[in-house]
Amino acid sequence: MKHLILTASLLALGAGAAAAQDVVRMGTEGAYPPYNFINDNGEVDGFERDLGDEICMRAELTCEWVTNDWDSIIPNLTSGNYDTIIAGMSITEEREEVVDFTQPYIPPASSLFVAMAEEFTLEGAVIAAQTNTIQAGYIAESGATLIEFATPDETVAAVRNGEADAVFADGDYLIPIAAEDDSLMIVGEPVQLGGGVGMALREGDERVAAFDAAITSMKEDGTLNALILEWFGDEAATW
Amino acid sequence: MFEFCTDPSTLDTIPWLGCYLTNGAHLLFYRSFLVVFALLALTAPTALAFGFAAAAASRSHIAPLAWLGKLYTAMVRGVPDIVFFLFFVLVLDQGIEYLRHQIVCPDWTEDIRQGANFLVCPEARTPSGNAPQWVHKTYGFALAVFTYAIVFGAFCGNVLFGAMRAVPRPQLETAEAYGMSRRQVFWRVLVPQMWVYALPGLSNIWMILIKATPLLFLLGIQDIVYWARELGGSRTSAYQYPHPDWRFWYFLGLLIFYLAFTKLSEVALARLSARLSRGQATAAGEEMRKAAI
């Protein structure tokens, strides 16, 4: 009898493992509102949460959300700690060499400078940017002094406490912050960087096609544009 | 959590704080304290076991075993904790995957090391790539416990080795004179008496272990430091509870938590020390004997 119960429970465990076979783990940063953030209930929320859930539904995949620090987000994808990166990651040639991107789901957007004072010249300024972002790469080649931080929040904090003259990041991230803090303002000219934001998968992962098809169908029926407007405001670039 | 929390922007400071401190993210923060306690509860006995094994091995008359015990304590004690934590977890993780790779897919032709990547065949991934997230989290936590146990086991080993030597030699000689074997002397006379000598050293290690728990954060485990940083960061109105940079207050909270926890441990260890000193031929035991007269 005891053996029977044990076998039965082992079988049940096995069945549970089999049912969990097709879990696709969606890796995101969880610190970059409104793209992705941990909301007040401790869950992953934001534009990419809504988008990812919709894509998974259309591609008929079971998805789970995983958060990972930005600076190790690509190595942890390639080593298999999760299966996709959906974290406001711009498509660039350097990243294409190590991961496979889907088609972009956000059109190329502009990056902005935010500072405490109106007068601003990039030459000779100290600029805060997040490590391993296209913005950090741009500043490094611009002649300004770059200071890098692990999280987006720290880049803004560096401007508030005077450590940096300005922060350089995606406009969609900085606009709400500048709007709500009277001491911060958008300065200088917007810069166009990157080839749009897409999902990243390990090289050779065949699920790229399924995600691409889901994104195409969302572009065609207008749900993607509606999501972009909902999360990034009426002036956001759409498809 | 409370009914009046549905629209926090209309609340006064006190009820707002009440709602804020009981929202879902904060409940996760409070639960992460359990992660710290679980780590301590699992690591302390494991480290003690490792230490005991190392100390016993170091005393062994079989030379290779003694070398092994001494090498382990010397090596781990000599490497900075943080280096060990970053390095060993990686080695353990990749070592397990490499071994499974050799067993499961012997026909694999591609290189495992490709630049910065470590790519084994999908069947050898540990835990399996398509396992749910909780399996990955548990695996990560288990690796962390094992690493902590290795590091603190080495310190325990050194303390226990010293404690074993501190047991008065005549005690052991008497036991031998009664005809006990080496094994019997060790288990019946040496081990029961060594604890009182080991306790000051062990309690020190316990304190250091408590203070080392924030290193969990380095291993990517969502512990109290992770949540303090996460919740303390400034929040725009994309969140229900917008606030400026409050990391100062969260880290202050952690500081108070650790101070209170170590103080509590100190009191408990002082009591344990008094209990173990009773009837012992040590300075503390002698003092107790005189006070009782």
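Q: What makes the crossing in which H3(B) passes H5(B) left-handed or right-handed?
A: In this predicted model, H3(B) passes H5(B) in a left-handed crossing. The word left-handed is used because the near helix is turned anticlockwise from the far one by less than a right angle.

Q: How do you describe the way helix H3 (residues 63-78) of chain B and H5(B) pack?
A: Two packed helices are described by the angle between their axes and the distance between the axes. For H3(B) and H5(B) the angle is about 120°, and the axes are 8 Å apart.

Q: Which residues make the contact of H3(B) with H5(B)?
A: From H3(B) come Gly69(B), Tyr72(B), Thr73(B), Val76(B) and Arg77(B), while H5(B) gives Ile150(B), Val151(B), Ala154(B), Phe155(B), Gly157(B) and Asn158(B). Sorted by type, the residues of this contact divide into six nonpolar, four polar and one charged. Gly is placed with the polar residues and Tyr with the nonpolar ones, because that is how these types are counted here.

Q: How many residues of chain B are in contact with chain A, and why is this called contact?
A: There are 25 residues of chain B in contact with 26 residues of chain A, and the word contact applies because two residues are counted in this way if their C-beta atoms lie within 7 Å. On the side of chain B that touches chain A, the elements that give two or more residues are helix H2 (24-58), strand S2 (117-118) and helix H5 (133-166) of chain B. The largest share, four residues, comes from H2(B). Taken together, the residues of that side divide into ten nonpolar, twelve polar and three charged.

Q: Into which domains is chain A divided, and how far apart do their C-alpha centres lie?
A: Chain A is divided into domain 1 (21-107 + 195-232) and domain 2 (110-192), and the C-alpha centres of these two domains lie 25 Å apart. Ten residues of domain 1 of chain A are in contact with eleven residues of domain 2 of chain A. The side of domain 1 that touches domain 2 holds five nonpolar, three polar and two charged residues.

Q: What share of the residues in chain A is buried, and what makes a residue buried?
A: Of the 239 residues in chain A, 45% are buried, and a residue is called buried because 20 or more other C-beta atoms lie within 10 Å of its own.

Methods:
Residues are numbered from 1 along each chain as its sequence is written. Chains are lettered from A and ligands numbered from 1 in the order in which they are written. This is a predicted model: local features need pLDDT of at least 70, side-chain atom pairs count only at pLDDT 80 or more; totals for chains, interfaces and linings use all residues. Domain bounds come from an automatic or database domain assignment. Axes are lines fitted to C-alpha atoms, for helices over the stretch in contact, and angles run from 0 to 180 degrees between N-to-C directions. A residue is buried if 20 or more other C-beta atoms lie within 10 Å of its own, exposed if 12 or fewer, and partly exposed in between; C-beta atoms are placed from the backbone.
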